Amino acid sequence: MISVTSKSRYAVVALAELARSGDRPVPIAQVAERRDMPVQFLEQLFSTLRRDGLLLSQRGVRGGYTLAKPAEEITVLDVVQALDGRLGEEGKEAGGIWDEGVEALRGVFRGTTIADIARREAEEAGTGMYYI
């Protein structure tokens with residue numbers, strides 16, 4: 001009924017990696033290595049996120065990916081809906097408690113930004129934000 005795939009989970013942590021890296025473009029291979037993800041899988045995710053306006057890409061020797069807007073303005077819900085479609089439509093159609101559950105999840109995802117995820121990861125790791 002509520003479908004959030006591993007694509008969204010991987011994308012959220014990859015975007016948090018970009019947020020923690022600052023404003024400089026980060027090569028996709030570097031993100032994949034830091035997050036232990038297959039490069040080809042991450043390329044597919046980043047392609048979709050770029051088309052949806054969440055990422056920018058820069059070609060060349062100093063190329064890579066950056067967030068298209070500040071990490072504080074990109075929500076987890078933005079990422080999930082870019083990759084998995086509108087979250088919980090079936091629950092809304094079912095109404096009642098199903099609709100309430102979907103709205104609760106959407107509220108958490110809407111209220112959590114990529115910056116929040118990056119901060120949480122830094123706190124859990126006992127480190128601050130790092131910039132390359």
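Q: What do the buried residues of H4 pack against?
A: In this predicted model, the buried residues of H4 pack against helix H1 (6-20), H3, helix H6 (96-110) and helix H7 (114-125).

Q: And which residues of H4 are the buried ones?
A: Helix H4 covers residues 76-84, and its buried residues are Val76, Leu77, Val79, Val80, Ala82 and Leu83.

Q: Why might residues three or four places apart point the same way?
A: An α-helix has 3.6 residues a turn, so residues at that spacing point the same way.

Q: Now H1 and H4: at what angle do the axes cross?
A: The axes of H1 and H4 cross at roughly 135 degrees and come within 9 Å. H1 is therefore oblique to H4, since angles over 145 would be needed for roughly antiparallel.

Q: Is the crossing of H1 with H4 left-handed or right-handed?
A: H1 passes H4 in a right-handed crossing.

Q: Which residues meet there?
A: From H1 there are Lys7, Ser8, Ala11, Val12 and Leu15, and they meet Val76, Val79, Val80, Leu83 and Asp84 in H4. The residues of this contact divide into seven nonpolar, one polar and two charged.

Q: What about Thr48, then: buried or exposed?
A: Thr48 is buried, because its relative accessible area is 19%, and buried means under 20%. Thr48 is in helix H3 (residues 39-51). Leaving out residues up to four places away in sequence, Thr48 touches Ala82 and Leu83.

Q: Changing topic: which residues touch the most other members of the largest nonpolar core?
A: That core has 34 residues, and Leu18, Leu42, Phe46, Leu49 and Val79 touch the most other members. The elements giving two or more residues to the core are H1, H2, H3, strand S2 (64-67), H4 and H7. H1 gives the most, with seven residues.

Q: What is Phe46 in contact with?
A: Apart from neighbours within four places in sequence, Phe46 is in contact with Ala14, Leu18, Ile28, Val31, Leu55 and Tyr65.

Technical notes: Residues numbered from 1 in each chain as written. Predicted model: local features only at pLDDT ≥ 70, side-chain atom pairs only at ≥ 80, totals over all residues. Heavy atoms only, no water. Helix = DSSP H or I, 4+ residues; strand = E, 2+ residues; numbered from the N terminus. Buried < 20%, exposed > 50% of the residue type's maximum accessible area, 1.4 Å probe, protein only. Contact = heavy atoms within 4.5 Å. Core = buried A, V, L, I, M, F, W, Y, C linked by side-chain atoms within 4.5 Å. Axes fitted to C-alpha atoms, helices over the stretch in contact; angles between N-to-C directions. Parallel < 35°, antiparallel > 145°, perpendicular 65-115°, else oblique. Left-handed = near helix turned anticlockwise from the far one by under 90°. Nonpolar A, V, L, I, M, F, W, Y, C, P; charged D, E, K, R; others polar.
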